[in-house]
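Let's take a walk through this one together.

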Amino acid sequence: MSVSYDKLWKMLIDKRMNRTELKDEAGVSFNVVAKLGKGETVSLDSLYKICKALNCDIGDIMEFTDDEAERQA
């Protein structure tokens with residue numbers, strides 16, 4: 001099982017916000033944003049800060065994907 005942050009990137013596009021603005025508004029480090037960009041896991045605290053900054057729920061910015069289904073596709 002892996003993590004997808006595609007919903008976060010779409011939300012940033014919809015809000016006309018770039019990654020630097022997200023970093024500054026959420027108060028997370030550049031490393032957190034870089035990990036998100038690579039689809040890596042980040043702390044729940046970081047995800048909470050992002051949700052708070054974007055006024056959304058965690059399910060609005062990320063989802064778990066099934067590796068097995070991805071390999072078959």
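Which residues have the most contacts inside the largest nonpolar core? They are Y5, L8, L22, L36, I50, L54 and I61, in a core of 21 residues. A nonpolar core here is a set of buried Ala, Val, Leu, Ile, Met, Phe, Trp, Tyr and Cys residues joined through side-chain atoms within 4.5 Å. Buried means under 20% relative accessible area, exposed over 50%, and partly exposed in between, with a 1.4 Å probe and protein chains only. Four helices, α1 (6–14), α2 (19–26), α3 (30–37) and α4 (44–54), each supply at least two residues of this core. Helices (H or I, at least four residues) and strands (E, at least two) are DSSP runs, numbered from the N terminus. As a general rule, nonpolar side chains tend to be buried together in soluble globular proteins.

Before going on, a word on what you're looking at: this is a predicted model, where local features need pLDDT of at least 70, side-chain atom pairs count only at pLDDT 80 or more, and totals for chains, interfaces and linings use all residues. Residues are numbered from 1 along each chain as its sequence is written, and side-chain values use heavy atoms, with hydrogens and water left out.

Now zoom in on Y5. Leaving aside residues up to four places away in sequence, Y5 touches L36, G39, E40, T41, V42, L47, I61 and M62, where contact means heavy atoms within 4.5 Å.

Next, turn to α4. Its buried residues are S46, L47, I50, C51 and L54. Looking down the axis of α4, you'd find them within an arc of 135°, so they line one face of the helix; the arc is that of the directions from the helix axis to the C-beta atoms. These buried residues pack against α1, α2 and α3. On the face turned away from the buried side, α4 carries the exposed residues L44, Y48 and K52.

What about the loops? Most residues other than glycine have a negative phi. Yet N55, which follows α4, has a positive phi of about 55° without being a glycine. N55 sits in the loop between α4 and β2 (63–65) and is exposed, with a relative accessible area of 73%. R16, in the loop between α1 and α2, also has a positive phi, near 55°. With 76% relative accessibility, R16 counts as exposed.

One last stop is W9: R19 lies over its face, 3.9 Å from the ring centre. A charge sits over a ring if NZ of Lys or CZ of Arg is within 6 Å of the ring centre and within 35 degrees of the ring normal.
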